[in-house]
Amino acid sequence: MNDILIHHESGITTLTLNRVEKKNSLTVAMYAAMAKALEEAAVNPDCRVVVIQGHETVFSAGNDIADFLNNPPATQDSPVFQFLRALSSFPKPVVAAVCGPAVGIGTTMLFHCDLVYAGDNAAFSLSFVNLGLCPEAASSLLVPQMFGYHRAAEALLLGEPFMAEAALEVGLLNRVVPPSEAHRLAQSVAAKLAAKPQSSLIATKRLMKQGLAAQVQAVMAEEGEMFGRMLREPAAREAFGAFMQKRKPDFSKL
Ligand code: COA
């Protein structure tokens, strides 16, 4: 089965994470597929808006841990970084629909979407510290900016999940609805955007983003380098080993 479904209709390109049995955790192949889909959508005149969605029960459990350990992102050309660059510099509007768990990059990718709608079952988590890692996707820059420093520290240093209502309050979400409505709402907002003049949408998005664009790319590259290094270090090895063995990690000596 295809782990990323790509559907084009009426100017809307919808990318659906479709690996529900593994909680939509993202493999290298899935990052590569999403990067390619976004690169194509950016230049395809028939695509006016992109929607990113998961399943009504789960958005994404973040990186596929086994796949990440076997194929750690070694360079800035790794598919995960290609995906993050394609999304963060995507010129047209991106709408996300998020239900259920959104872990790690499942949450950080949302900072690069323009409109985010969530089911009331959405649970966000920036649990990098708990995995012996550091933030990625420019979240070390964008989370403090959006949440305020102390709430960012709570999210990034404690790494505890926060629910849809809290995410709405800090500005990560546009609206919270029952999970059965989130995908439909994202499509109807995307349809409204698709009916607007594309040149105005693109110009407006670029103007809103340009102040931070260079900094976002620079921070993302610095985080990526650190993340790749930390992935090979003992704390991450312990965290990932514990997950695979279904036990609690022991960081007492790290
Ligand atoms: N990588 C690889 N496999 C994953 C995964 C991940 N990130 N997240 C879940 N899975 C797999 C589980 O191993 C399990 O596989 P199995 O059925 O073969 O045992 C299956 O998906 C279902 O996961 P499970 O943990 O039983 O579901 P849950 O509903 O109890 O919990 C989550 C869902 C998302 C809260 C939980 O799976 C989780 O915390 N995952 C890890 C998230 C994470 O740390 N991601 C960051 C990676 S950098």
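Tutor: Start with Lys246: a polar atom of its side chain lies 3.2 Å from an oxygen atom of the ligand. That is a polar contact, meaning a pair of N or O atoms within 3.5 Å; within protein, one must be able to donate a hydrogen and the other to accept it, and residues adjacent in sequence count only if both atoms are side-chain atoms. The model is predicted, so local features need pLDDT of at least 70 and side-chain atom pairs count only at pLDDT 80 or more, while totals for chains, interfaces and linings use all residues. Residues are numbered from 1 along each chain as its sequence is written, and side-chain values use heavy atoms, with hydrogens and water left out.

Now Lys23. An N or O atom in its side chain is 3.3 Å from an oxygen atom of the ligand. Asn63 uses its backbone: an N or O atom there lies 2.9 Å from a nitrogen atom of the ligand. Taken alone, the ligand exposes 870 Å², and the protein buries 63% of that (Shrake-Rupley method, 1.4 Å probe).

Next, the shell. There are 13 residues around the ligand, each with a heavy atom within 4 Å of it. Lys22, Ala61, Asn63, Ile65 and Lys246 come nearest. The shell divides into 6 nonpolar, 2 polar and 5 charged residues. Here Asp, Glu, Lys and Arg count as charged; Ala, Val, Leu, Ile, Met, Phe, Trp, Tyr, Cys and Pro count as nonpolar; the others, Gly among them, are polar.
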